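Student: I have not looked at this structure before. Could we go through some of the terms used for it and check each one against its definition?

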Amino acid sequence: MQYSESIASMEQTGVDTVREYALIASRNKWVIAGAIALSLTLAWGYLLIAPKYYQSQALIVVEERKGIDDVINKGENSDQHFEKRLFLIQKQIISRDFLGPLAKELNILSSESDEQGKVAGWGELARMTKVERAMIDPAGGKSSQNLVDGFVVSFLAQDPKIAMQVTERIADKFIEESNREREKEVEGTGEFLDEELRLLKRELEKREESISQFKKSHLGDLPQQADTNLRSLDRVEAEITTASESLQRHSDKLDTLHQAVQLYRTSGQQSFGLGTTRSVEPDPLFRHLKELREKLVKLRAEFWDGYPEIILTKEEIRQTEEELTNLYGRDAIRPDKTPLDPYLQDLLKQQTEERTEIALLRQRLDQLRVTKRDLEQRLDRSPSVEQELLVLERDYNNMKTNYAMLLDKRLHTRVEENIEKRQKGGKYRILDRPYLPQDPAIPNSPRVLVLGLLFGCVLGAGLSVVRERLTPQFRGPEDVELLAGPRLLAAIPDFSLLWRTAGDPGYFQTLALPRPSLGITIRSQSAAELSKQSLAERSSLREIDRRFVAKMFPRSMAAEQYRVAAARLQLLNATGAPMVVAVTSAIKGEGKTTTVINLGYTLSRDFGRRVLLLDCDFVYPELMAFLESPVSHGLIDCLRSDIPLQQAMSSFTDVPCWIMPAGESVANSNDLLRAGQLNRVLSQLREEFDYILLNAPPILPVATMNVLESHSDLLLLVVRANLTSKQAVTQAIGSLRADRPIHVVLNGVASNSLPSYMLEYAVSESRVAV
C-alpha cells in the first residue's frame, strides 16, 4: 500500500501539467469559445468573398511496355524509371514551348501585345497547370501498392469550361508529341546500338593488346609461373649446395698439393696418398718444346726470320710454352733451367688442374647465385604483377560482358524495330478524359473551415495563457517567498490522485481491519464485505473523508509535508506555552479546513501533543464531518451558556486530538465572538491543550477574522496553488490589523512545481517501505 501511494504521488509529475492547462482552459472557456467563433466567422466570410477556381483533370496511363522499351530498359526498375520520366513530363508540359502555342490556339492569354505581358500570361498558365502521379487512393500516400504507372494532368480556371478545354488540349497534345518522339526513338535506337558496339569493340581490342603487352613485359613474373619459379629456386639452391661442397673439396686438395710441392722441393720427400710415384714419366710437352727449339735453330741457320715455316715454328713454340707455363709455371720453360722432375711435374700439373676446376666452380656458383637472385626477385614481384594483371583482366571482363549484353540488345533490336514501326498505338493513353467541374476546387471549404477552427483554438489558447499571465497566481513555493511579510510554513502537494490508487480493486484488503486510526467505522460488516464496497459508496457514508490524507495515507508526500508544517510550528513556539493558531484563507475553497484537520492530527499522532480543533466558521462549518462520534453541543453553545466544554467536543480514538464543532448557527453568532465570551472559552482551553487550531472563516468575505486574530498567537494563511490570485492574498494580509506573525501554507501544489529533492525523498521512502 505504501509503495502504491508513492507511485501515485510520482504520477502527478506528468499529469499535473495537463491538469494545469485544463484548469486554465476551464477558467477561460468563454475566451476560447469567442476566439473559435471569430475564426469560423472569418473563415466563412473568406469563403463568401474569395474568387472561385474550378479544376478539371485527365488521367493518362502508361501502356504495357513492348518492343523497344524492353530492350532499352532491360533490367531497370519500372518505378524508378517512371519517377524519372514523370519529372521530365512535368517540365515538358509546363514549359513555354508546350503551353505557348496551346495558349494562342485557345486564346486564353491576355490581350496585351508587348513581350512582358505574354511572359506574365505564360507564368500564370504554368502555375495553374499541375502534373501529379496517379494513385489508387489519393489519401493513401505514395506507397508502392498505392501508385500506378500513370499521371494526372489538371488545370485551374475561374471558368469551368475553360478549365475542361485546356486540360483536354494539354492531354491530346502530349499524346501527339509522345508518339512523334517515340517514332524518332525507334529509328535512332539501332544506329545508337551500332555505334556503341563499334566503340566498345575498339576499346576491347585495346584492352586485349594492353594485356598481351603486359604479359610479354612481365614474362617470368606472371602469377601462373609462380610454381615454376619456386621449383626452379629449389633446384638452384640444391645446385649451389653441391657446387659449394665440390669447391671446398678441391680447395682442400689444392692446399694438400701445395704442401707436397713445398716438401719435395725442400727435402726431396714424396707425399703419399696423392696418386704420384717415381715412375712417372716426364711430360711429352717438354720433349716437344725441345724439338721445336732445335728445329727453329736449324731453320734460322738456313732461312731468314720472315720465312713462313720459321713463323709457324715460333707460334707453335709460343703455344707450347704457354701451355707448360699454365701447368708448371714460368720457370719450367726457361732454357737455363734443368727439366722438372717427373714427380714434381705431376704435382704441378695436378695443382694447375685443381685451380682450373676451382675457377670453374666459382664461376658456376656466381651464375647460380645470380639465377637465385633473379628467381627471388620474380617471386617478390609476383603479387604486384598479379594485382596489376587482375585490374586489367577485371576491366577487360567487365567490358566484355557489356559488349555481350549490348550485342544481345542489338540482335533483338533488329527484330523489334519492325514490330514498333507496325504498332498503331503509342506509349501513353488517355484513360479518363477531362470533365466539366461543378464545384470549385479553390477555396476548399472543408479545409478552410478546419483551418479556421484550428486557428481559433490556437488563438483562444494564446489569449488564455496571456490572460493567466496578466492575473498572476501562486504556483510554487518560490512565489510565496516573494511576498513581503509572510513566510512559507509548508508546501502541500496535490493528493487527489492518491484516491485513484485507493479505488483500485483489493486496495483496502491490505488494511488490518478493524483499525480505528484509519478513519473507518466498523459496524457489523466483515472485512470481506467492507472491501466489496466501492470507494464512492464509502465516501458517501462518511466512512472516509477524502481530505484526511494524514490519516488515510500516512506515508504519502502530502502527509510528510504536514509533518514538516507541524515540526516548524513547534519550532515557532519557543516557550512551549499553549498556543492558539488561527488558520484562515483569503477566499473560500482554498483548503483551510483540510489544513486544520491534517495539521492537528499530525501534531497529536507524531509529536504527542494535546490538540483541539476549534471550528469558528459559523457560515460553512465543516469540521463536524471528521467527528468519529456525534456531539450535541458546539462552540456557539459554549459561548451562549456555561455548559461544560467537554460536552461540546469529541476525540479521536487513537490520538490525543479533539474536535469542537461550531454548533448550530444563530443570528448573532459573530456578536458572541465580540462580546468577550470567546476569551473566556479560550482561557479554559489553554489549560487543557498544547495547541488550539481555530478553523477561521475567510478574510475577505466576512469580518470574523478581524475578531479572531486578536485572540491568536499565530496566523496561518492557507493559499490554494493555481487558484488564488496574488492580489487577493495581498489584500487579505493588508486587511489584518493585529500585530501577529503570519505564515503561509501553500496547498494543492502540482508535483512539477515542487523541488526535486522532495520527489527523490518520496521515491526513497517508498523503496524502504517495500
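Student: Which residues are linked with Arg394 in a network of salt bridges?

Tutor: This is a predicted model, and in it Glu203, Arg207 and Asp395 are linked with Arg394 in such a network.

Student: What makes the contact of Arg394 with Asp395 a salt bridge?

Tutor: The rule asks for a side-chain nitrogen of Lys or Arg within 4 Å of a carboxyl oxygen of Asp or Glu. For Arg394 and Asp395 the N to O distance is 3.6 Å, so the pair meets the rule. In general, side chains of opposite charge can pair when their charged atoms come close.

Student: How many salt bridges does this rule give?

Tutor: The count comes to 23 salt bridges. One of them joins Glu309 to Lys295, with the closest N and O atoms 3.8 Å apart.

Student: Why is Glu309 called partly exposed?

Tutor: Partly exposed is the class between buried, under 20%, and exposed, over 50%. Glu309 has a relative accessible area of 33%, so it falls in between. Lys295, at 36%, is partly exposed as well.

Student: Why is α18 called roughly perpendicular to α19?

Tutor: The axes of α18 (residues 557-572) and α19 (residues 592-607) cross at roughly 75° and come within 9 Å. Angles of 65 to 115 degrees count as roughly perpendicular, so the term applies to α18 and α19. Among the residues that make the contact are Tyr562, Arg563 and Leu569 of α18 and Thr594, Leu599 and Phe607 of α19. By class, the contact has eight nonpolar, five polar and three charged residues.

Student: How do you know that Thr594 is buried?

Tutor: Thr594, in helix α19, has 8% relative accessibility. The cut-off is under 20%, so Thr594 counts as buried. Leaving out residues up to four places away in sequence, Thr594 touches Phe495, Arg547 and Tyr562.

Student: Which strands does α19 lie across?

Tutor: Helix α19 lies across β6, β7 (611-615), β9 (657-660), β10, β11 and β12, and runs at about 170° to β10. Helix α18 lies across β5, β6 (579-585), β10 (691-695), β11 and β12, at about 160° to β5.

Student: What makes β5 and β8 edge strands?

Tutor: The open sheet has eight strands in the order β5-β12-β11-β6-β10-β7-β9-β8, with mixed pairing. β5 (487-493) and β8 (650-651) each have a single partner strand, so one side of each is left without a neighbour in the sheet.

Student: How do you know that β11 and β12 pair?

Tutor: Pairing needs at least two bridges. Strands β11 (residues 714-720) and β12 (residues 742-749) are joined by six bridges, so they pair, and they run parallel. Within this pairing, Val718 stands opposite Val745 in β12.

Methods
Residues numbered from 1 in each chain as written. Predicted model: local features only at pLDDT ≥ 70, side-chain atom pairs only at ≥ 80, totals over all residues. Heavy atoms only, no water. Axes fitted to C-alpha atoms, helices over the stretch in contact; angles between N-to-C directions. Helix = DSSP H or I, 4+ residues; strand = E, 2+ residues; numbered from the N terminus. Parallel < 35°, antiparallel > 145°, perpendicular 65-115°, else oblique. Contact = heavy atoms within 4.5 Å. Nonpolar A, V, L, I, M, F, W, Y, C, P; charged D, E, K, R; others polar. Buried < 20%, exposed > 50% of the residue type's maximum accessible area, 1.4 Å probe, protein only.
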